Amino acid sequence: MSAAPVDISATEGAWKLPSRGRVGMLCLILAESAIFAIFIAAYIFYIGKSLSGPAPRQILTVPIFTSIGLWLSSFTIHGAVSALAKGKRALFAGLWFITLALGATFIAGTAREWRHLIYDQGFTIQTNLFGTTYYALVGLHASHVIIGLIALSVVMIFALFGKVKPEHHERCEILSLYWHFVDVVWIVVFIVVYGLS
Amino acid sequence: MFGLEVEGAIFVVVFSLLAYAIVKFRQRKGDDDLEPPQIYGSNQMELAWTVLPVLIVVVLFLSTAQVIHRVQDAKRPADAIQVTVVGHQFWWEYRYEQYGFVAANELHVPVSDPQHPTPTYLALLSADVDHSFWVPRLAGKTDLIPNHPNSMWIDPQETGLFLGQCAQYCGTQHAKMLIRVYVQSRPDFDRWVHEQQQPAVADPSVAAGRALFQAKLCFVCHTIRGTLAMGKVGPDLTHLMSRDTIGSGSVPNTPGNLRQWIRNPGTFKPGSLMPPQDLTDQQLDQIAAYLETLR
Amino acid sequence: MASESMPLALHRNPLSVVYEWLATVDHKKIGIMYIVYALLFLVVMGIEAILMRIQLAHANSTFLSPQVFNRLFTLHGTTGIFFVAMPILFGFGNYLVPLMIGARDMAFPRLNAFSFWMTAFGGFLLYGSVFAGGAISQGGSAPDVGWFAYAPLTSPAFSPGHSTDFWTLSLLVAGVGSIGAAVNFVATILSMRCKGMTLGRMPLFSWMNLVMGGLVLVTISPLTAAQIMLMVDRYIGGHFFDTDAGGSVVMWMHFFWIFGHPEVYVLIIPCFGFVSEIIPVFSRKAMFGYPAMVAATVSIGFVSLGVWAHHMFTVGMPSYGNAFFVLTTMVVAVPTGIKIFNWLATMWGGKIRFATPMLFCVAFLFQFLIGGLTGIMLATAPFDWQLGNSYFVVAHFHYIIVGGILFTIFAAFYYWFPKMTGRMLDETLGKWHFWLFVIGFHLTFDFMHIPGLLGMPRRVYTYEAGRGWETWNMISSIGAAVQAVAILIFVYNMIRSYFKGAPAGNDPWDAWTLEWATTSPPPHYNFAMVPAVQSRRPLWDIKHPEDPDWRYE
C-alpha cells in the first residue's frame, strides 16, 4: 500500500498554510478584476468618440448618495464580521442587515436612474458608443452587486434562524471580501464614468 | 538583417549540444546500477545563459527597431504616386484620385528609379470587413480595416506582373480575392492612365445591351463612367476589357468566362456577393457584347 | 488493490458505474474524464485536419466547398485550444497535483466537477452547431469566422444567423469552467500541501500548474469580457465593434490577443511541467537549476501578458508601438531559453534511458527549439509583415502546439498511464507511435514553412496553380496521413494495455515524487497516511538514506 516517505517527527514545527476559502475568493476577485479592466478600458477608449447623441455631462446625474451608501456598507459588513468573531450575534445580524439594505438601495437607485434615462430621455445601449459602454460597464457592476446581495440574503436568512455562529465568522469574512471588491470596483467605475467623462 | 544568422548560430549550437548529450550520456549495456553524480545547479551557468541571451535580444531589438523606423516613417518623395485602395468582399477597388478615375482589380504603377524614386503610396481603406494587401515580392502586408485608415508604400524597381492576394480572412471567398500589380515603364503607365481617364466607349451597335444594363439593374452595383450607371457596390466596369482577369484575378477575362460569370458568378467563386442574373440567352449575349466594348 | 484497476462493470450494475462517474467529485476521476473528453475531441480535430489537408493537397481543388472549409478551420482551431489542449492539461493537473503535493483531493471538489461539466457542455454546444443548422430556423450552422473571430466579420451584418453565437456561447461556458479549474489549482497548491512541502520543495509540475492557474485567471477573463461585448452588439444593438457608429474593430483584436497570447503560455507551461518531471527521472539526475526554473516560469507568466500585439504587427500601429511589442516578445524568449538550457544540463552527465516518455521529451526539445526560433523570426516585425497571416505562421504555431505541446502530452501519457491504470503501455507500440509521429509531424510542418515563404496566406480553401505551392502542400498532406496512423497506434496501445498491459506496481520508473509512493491506481483517499517531506525528491531520500537531497538543498 502507500508508504510514509519520511519520519514525521523529523520535520519542523507547526505547518501553516493559507485558508483555501480565502485563496479561492482572492482568485475569483483577480479574474473578475480582469473582466472589469477590459470593460473600463473600452469605456475610456471610447470617451469622446461617439458620432452623435448625448454626452455624459449632458445626461448623467451623479448618484452620490447611493454610492456613499454602498461604500459605507463596506464598513458595516466589516463591523458585522468582527461582531460575529466576538460572539455578538445580534450586532452581527443588525450590521449585516444594514449592509444588505445599503446594497439594495444602491441597486434601486441605479434602477431609478436607468428608468429615467431610458424612458424619459430615450437614452439606451443602442444610442451611441457612450450608451453602449455606459450601460455595459455600470450593468456589469450592478449584476455583481445583485449576486452579492443574493449571497448576503442567504446568510441573513440563516442568521434569522439562529444558524450563524461565531465559528462561521471566517466564511462570512471571505464573503465580505467579495463585497469589498464590489465596492472598490465602484470607486473606479464612479471616477471613470462620473469623473473623467 | 543579420537576425537570421544569429538565430542560425543559436540553432547550431543548441542542437549540437543536445545531440551530443543524447549520444554521450546514454545508458549503455553493462553500465552499473549506480546513479550518476547529482548536480543540483550552478549559479554561474544560470548567469551566463541569462546574460548572453539578453545581450542577443538587445542587439536584435535595436536592429529591428531601425528597420521598422525606416519602413514606417520613411520620408515621402514629392514624385510619389498616390492610390487609395478600398477592400471589398471579395475584390479590390483602386482610386487614382490624382488622375481622376477609379479602377478595379488591377493596380498599375510606374517603375521607380533609385536615382529619382517614384514610389507608390497606397492609402488602405475598407468598405466592409478586415482585409490585407500582400504582394510578397513588393512589400510586407498591411491590413485594410474599416474606420482605421492605413498607409503603405511600394518602390518597385523592376517592371513586370506581381501577384498577391488578400491576407486577412474576410469571408467565404477570401481565397480568391487576388491581387495583380502591373509595374510598368513610365510611358506605358502614362498611357494606361490616359486610357482609364476616358469615359466609357459608346458603341452604338451594342445599344441593346446598354439598355439592358440599366433595365436589369446592373447599374445599382456597378459604375460605367459616361453613363447613368453609378453603383459603388461592385467593381467599376468602365474599362473592363482592359483587364486580363475578372472575378478579382480568379478567372481569365475571355468572352466565354465573362458570359458565364454574368449568368452565375457562383460557378467560379461560390459565395461571391454578386447574385446570379436572371437573363435569357439572348439578353445574356447582348449584355456580354456590350461589356466587351468597354476597352 | 488489483481489483481497482479491473473494469468494474464485471461485477457492478452498469447504471451505478455511470452514475458514479457522472456524480463524482474525486479529482482522479474528474482528471480521467477531462483526458478522455479531450482525446475524443483530438480525434474530431484530427479528422477536420485531414479533410482540410485533402482539400489543400491540390491547387483549385473542389473536394470541399469554401463554406465547409471555412467552418472546418474555425472548428479545428477552436476545438484544439478549448476542447483538446485545455481539458487534457486540466485533466493531468487534476489527477497529479493533489498526489504530488500529498493531498487527498483538490481544494474544492464540487467546483472541480462543476468546472469539468461546464467545459464539457461548451464543447457539445459548439458541435451542436454542426447539426443544428437545419433544425433551428435561421439557426445557421457551424461558425466560420476563424478561431479568433475578428470583428466586423462577426457583426450581424456579415454573420447573419446564429453560427457565430455558437462560437461565442460555447466559449463563454467553457471559460467559466476554465476559471473554476484555475481557482481550484491555485487554492489547492497554496493551501493543501502536505507537511514539510514548502513552495520551494514542490515538484516543478506543481509550480507550473500554479503559474498556469494564475495566468488563466487573468487571461480567460478578457476573452469573456470581449465575448460579452460581442453579444451586446449582436443581440441588443450595442456598438462596441460597430464601425458605423464610430466603433473600433482593432479594439476586438487587442482584447482577443490580450487573451490569446497568454493563452498559449497557459498551454505550454504545464507541458514544461511534464518535461521537468520526466527528463530528470530518465536521466537519473535531479533537475538542474530548480530555483532558476521556477523564476523563469514566473517571469514567462508575467512577460507573456505584455506581448499580445505581435499578432497585430500588420494592423497599422505606429512604429514605436510595433517596436515595443518586438522588444517584449524577444524578452520572453530569454526565460524560455533558460529552461531549455536547464533541461539540457539535467541530461548532461546523466545515464539516459530512452523509454518512450523520454523519446517524446527529447523530440520536444529539438522541436521546441526550432519553433522558438521561427517565433523570434516572427517577432521581428519586418519579417512578420511578410510572413504574418501566412502558412509560415501556421507552421510555426503547429510546431509549438504539436511538436511541443502534443509531444509532451504523449510523454505524459506513457509516463503516468501506469499510475492511473496500474498497467504499463506497450513499449514496442510506443516506439512505433513515436517514430511514425515524428516522421509525419516533420513531413507536414517542416515543409509547411515553404508555401508561407512563397506567399501563401492562411485560411484559404484553395489556391491557384503556378504559384509554386502545390508540391509542398502535397507533402504536408501526406504527413498528416502518417500522423493519423501513429495516433491510431497510440489509441490501440491505450485500449490494449488497459486490459492486457504488464502490471505496473507503485513505481515502475524508479521515480522520486509522491505520486509514486502510493498504489497504481491510487486508492480514492490517495495516501493511507498523509506524508511529510523534507526535500524536493522525497522518494530519493527514502531510496538513498545515505545521501538524501535535503543535505544539498
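Is Ser248(B) buried or exposed, and how many C-beta neighbours lie inside 10 Å of this residue? In the predicted model described here, Ser248(B) counts as buried because 24 C-beta neighbours are found inside 10 Å, the cut-off for burial being 20 or more. Ser248(B) is placed in the loop between β11 (245–246) and β12 (251–252) of chain B. Although Ser248(B) is not a glycine, its phi is positive, at about 55°.

A positive phi is also found in chain C, at Asn526(C), a residue other than glycine whose phi is near 70°. Asn526(C) belongs to the loop between α14 (470–500) and α15 (538–543) of chain C. Asn526(C) counts as buried, because it has 23 C-beta neighbours inside 10 Å.

Cis peptide bonds were examined next. In chain B, Gln89(B) and Phe90(B) are joined by a cis peptide bond with omega of about 5°. Phe90(B) sits in the loop between β1 (81–88) and β2 of chain B. In chain C, a cis peptide bond with omega of about -5° links Ala151(C) to Pro152(C). The loop that holds Pro152(C) runs between α4 (109–135) and α5 (163–191) of chain C.

Chain B is divided into two domains, domain 1 (81–186) and domain 2 (204–291). Taken over C-alpha atoms, the centres of domain 1 and domain 2 of chain B are separated by 23 Å. Their contact involves 17 residues from domain 1 of chain B and 12 residues from domain 2 of chain B. On the side of domain 1 that touches domain 2 of chain B, at least two residues each are supplied by β2 (91–96), β3 (101–104) and β10 (178–184) of chain B. The residues on this side of domain 1 of chain B comprise 9 nonpolar, 4 polar and 4 charged.

Chain A and chain B are joined by no contact, and their closest C-alpha atoms lie 12 Å apart.

The contact between chain C and chain B takes 68 residues from chain C and 66 residues from chain B. On the chain C side, two or more residues are given by each of α3 (66–100), α7, α8, α9, α10 (356–379) and α11 (381–387) of chain C. Of these elements, α9(C) gives the most, with 16 residues. The side of chain C that touches chain B divides by class into 42 nonpolar, 21 polar and 5 charged residues.

The contact between chain A and chain C takes 35 residues from chain A and 47 residues from chain C. Helices α1 (20–45) and α5 (129–160) of chain A each supply at least two residues of the side that touches chain C. The largest share of this side, 13 residues, comes from α1(A). By class, the side of chain A that touches chain C consists of 25 nonpolar, 8 polar and 2 charged residues.

Within chain C, the packing of two helices that contribute to the contact with chain B was then considered. The axes of α8 (residues 290–303) and α9 (residues 319–347) of chain C come within 9 Å and cross at roughly 155°. The helices α8(C) and α9(C) are therefore roughly antiparallel to each other, as angles over 145 degrees are counted in this way. The crossing in which α8(C) passes α9(C) is left-handed. From α8(C), the residues making this contact are Ala292(C), Met293(C), Ala296(C), Ser299(C), Ile300(C) and Val303(C). The residues from α9(C) include Thr328(C), Val331(C), Val332(C), Pro335(C) and Lys339(C). By class, the contact of α8(C) with α9(C) has 9 nonpolar, 4 polar and 1 charged residues.

A further position examined in chain C was Tyr265(C), which lies in helix α7 (residues 249–283) of chain C. Tyr265(C) counts as buried because it has 22 C-beta neighbours inside 10 Å. Not counting residues up to four places away in sequence, Tyr265(C) touches Leu215(C), Ile300(C), Gly301(C) and Ser304(C). Among these partners, Ile300(C) also takes part in the contact of α8(C) with α9(C). Ser304(C) is 39 residues apart from Tyr265(C) in sequence, yet the two are 7.2 Å apart in space, C-alpha to C-alpha.

Notes: Residues numbered from 1 in each chain as written. Chains lettered and ligands numbered in written order. Predicted model: local features only at pLDDT ≥ 70, side-chain atom pairs only at ≥ 80, totals over all residues. Contact = placed C-beta atoms within 7 Å. Helix = DSSP H or I, 4+ residues; strand = E, 2+ residues; numbered from the N terminus. Nonpolar A, V, L, I, M, F, W, Y, C, P; charged D, E, K, R; others polar. Buried ≥ 20, exposed ≤ 12 C-beta atoms within 10 Å, placed from the backbone. Axes fitted to C-alpha atoms, helices over the stretch in contact; angles between N-to-C directions. Parallel < 35°, antiparallel > 145°, perpendicular 65-115°, else oblique. Left-handed = near helix turned anticlockwise from the far one by under 90°. Domains from an automatic or database assignment.
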